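Work through the exercises below with the sequence and the model open. Try each task before reading its solution.

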Amino acid sequence: MKNSDQLKIIEQKIFELKKIIEKWNQEYYQNNDPTVDDYFYDQKLKELIRLEEEYPQFKTDDSPSQNVGGNVSKGFKKVKHNIREMFSLKNAFNQSDLIHFDEQIKKILNSDDYSYVIEPKIDGLSISLNYRNGKLFQAITRGDGKVGEDVTKNCYLFENLPLEIKIKEEIDLRGEVYISIEKFNSLNQERMLENERLIKENKKIIPLFANPRNLASGTLRHLDYEVVKGRKLNLFIFQALSANKKDDYWDSQIETLNKLKELNFPINENNLHLKNINEVILKIFEIAKKREQLNYEIDGIVIKVNEYKYHKLIGYTSKFPKWAIAYKFPTEIKKTKLLDIFPTVGRTGKITYNAKLAKVNILGTNVERATLHNADYIKSLDIRIGSEVYLKKAGEIIPKVISIVSLEDNKKYQRWNEATNCPACNSKLIRLEGEVDQYCLNINCTGRIIESLNHFVSKKGMNIEGLSKRQLEVFYQKDLIKNIYDIYNLKNKKEQLLNLERYQEKSANNILNSIEKSKNNNLNQLIFALGIRNIGEKAALDLARKYQSIFKIKELSFDELKNFNDFGEVRANSIIAWFKNDLNLKLINDLDKMGVNLNYMGEKIDKSNRLYNQNVLVTGVIEDANRENIKKYLKDLGANYKSGPTKNLDYLFIGKNFSQAKIEKIRQISDAKIIYVNKLSEIK
Ligand SMILES: [Zn+2]
């Protein structure tokens, strides 16, 4: 129990939180000119909600916590969301929140015969698009969920939004408006240039855009048509509601996404249809890892029960639907001092810039380094050595410097200049036309060679345990390993190896044994390990499966490669270029002589896999495979491929666009386990 003094402090604290959040709301929603990063906003709002829950006596109806988020501004006409209110989603922050969410659903439905669809949660602005007689009639922002703003005129500027559709009845399509990271960076870069001029003229500078979400929001609700046009907004659609039914237009989330795609609406392709919450949890972490490669910001994953027939049963709370939840990636932003900027060179010669930071604890770990990407990134944010910077860490992503703290304070330090020479070999760095990155083109560059060797021995490559990057550096300096061939020749230099500090008979033997062992690796591992540009793990596996031998791949023509799978010109060129190089051809021959396996040995059948010796039928479309691929894939797993319905079926895998009638028939004659999949690798 708190005494009255403590309670007074809490009341005051709540009052202050309300005031600051209201000020931010005003900036964000009315003036389109936010001064706060979303992260800080969320933190304060969360703190307010927590205090109000703990001390309900201080909770008032006008508190910003009672608002789904966002009032309507004055510049646009206010419009009601007619078909259905626009709900926000409840947040989940960890696995147990997700499991709890699933348990509630299971309890209500009293069954586990439902599935989930997950989609990246775009960090943008929600919008509802009303179509009548096949034409875009009105576009409304979410506003407070019930009433939004009519931004129809700005919606004609979306490059990827069909304005006419085949569906004639009235529907609402809902989605998220965003601005690409690329565009966000280039707009800020323009502002930087503009500011340079303003500083020279002793005029007040314009603040940079805080983040893509605020920029998208400000842009969509901008009154100047020309400004909106120049900023190139994008959107993803994920929901379709029928005015007649006052309900979803189609029957499931996955069907909605597929149908929207057929109608040429932009949908996010990173959606997955999954059979249960455990799969959801696994996939969330996979997507979290892919985050940095996306050209738009996501701050979590939206998880929805796929079958709409269950949505009504599961229902809503006063604020949220109970059939959906948003998993939010953990994120933290901290302030620290940037001590130095240093470049490193990768195996392709690409230069990456890194920040050395004053030590700071972020999401539970001490951080002293962060990525700064490339020179353009540093310049566009005007990061200088000595600057105080905001550092952001989001889940598994490498910490990243996101902005400087104060433009004023920053002026004390010298403007930063990009490196002109390679940090490893001192060659002049080159910027290829149309590329933001700088490259070291010296193929004998020590930095590049060490990185290539490290890639070769990496887990996904030849998986040579006991050879770390640090060791490779030592071996390189001592002339023990200068190239890939030398790795396999190391056994002939054991004397020298034992002469090194810290290498005894046992540790030397361990390394030599794992090198020996790697000779029996499958071809796909070797192809990946060779580090051919643009050839990742999957491309390596596809090549190995199809062509079986490295010598066969060597003989392929440009056209054959270009037309293989989804390879295209870029990959085809990379492979042709690699095999054109005499050093690479010599390497292949040397590896052959050393007894390194250069052939595909098929999938090693693991008899413990559940499909082994089972009758399996795959129906519908599997995104990345045709019938032949599926047949071969199942054979490699030791499963019995079935081409049609049969009584003794054990497993039925269902891809996209399946025939409902066929599935009903199979259900009637067998009690096969039914699993929905999108990709070949999900058949397991
Ligand atoms: Zn170099």
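The model is predicted, so local features need pLDDT of at least 70 and side-chain atom pairs pLDDT 80 or more, while totals for chains, interfaces and linings use all residues. Residues are numbered from 1 along each chain as its sequence is written, and side-chain values use heavy atoms, without hydrogens and water.

**Exercise 1.** Find which residues coordinate the zinc ion, and determine the arrangement of the donor atoms.

Step 1. Donors are N, O and S atoms within 2.8 Å of the metal (3.2 Å for Na, K and Ca); water is not among the atoms, so sites may look incomplete. The SG atoms of C422, C425, C440 and C445 coordinate the zinc ion at 2.2 to 2.4 Å.

Step 2. The angles subtended by the four donor atoms are 100 to 115 degrees, so the arrangement is tetrahedral (four donors with all angles between 85 and 135 degrees). Ideal angles for four tetrahedral donors are 109.5 degrees.

Step 3. The spacing of the donor residues in sequence is C-x2-C-x14-C-x4-C. C425 is in the loop between α12 (407-410) and β18 (430-431), and C445 in the loop between β19 (438-439) and α13, so this pair ties together parts 20 residues apart in sequence. Helices (H or I, at least four residues) and strands (E, at least two) are DSSP runs, numbered from the N terminus.

Step 4. Buried means under 20% relative accessible area, exposed over 50%, and partly exposed in between (1.4 Å probe, protein chains only). C425 is partly exposed at 24%, whereas C445 is buried at 0%.

**Exercise 2.** Check the span of helix α13, then list its buried residues and their packing partners.

Step 1. The expected span is 1.5 Å times one less than the number of residues. For the 12 residues of α13 (446-457) this should be 16 Å, and the end C-alpha atoms are 17 Å apart, which agrees.

Step 2. G447, R448, I449, I450, L453, H455, F456 and V457 are buried. The buried residues of α13 pack against β13 (331-345), α14 (469-477), α15 (484-489) and α18 (523-529).

**Exercise 3.** Is N234 buried or exposed, and which residues is N234 in contact with?

Step 1. N234 is in strand β8 (residues 234-242) and is buried, at 17%.

Step 2. Contact means heavy atoms within 4.5 Å. Neighbours within four places in sequence aside, N234 is in contact with F158, N160, E176, V177, Y178 and S180.

Terms used. Four donors count as tetrahedral if all angles lie between 85 and 135 degrees; four count as square planar and six as octahedral if opposite donors are over 155 degrees apart and all others between 65 and 115; anything else is irregular.
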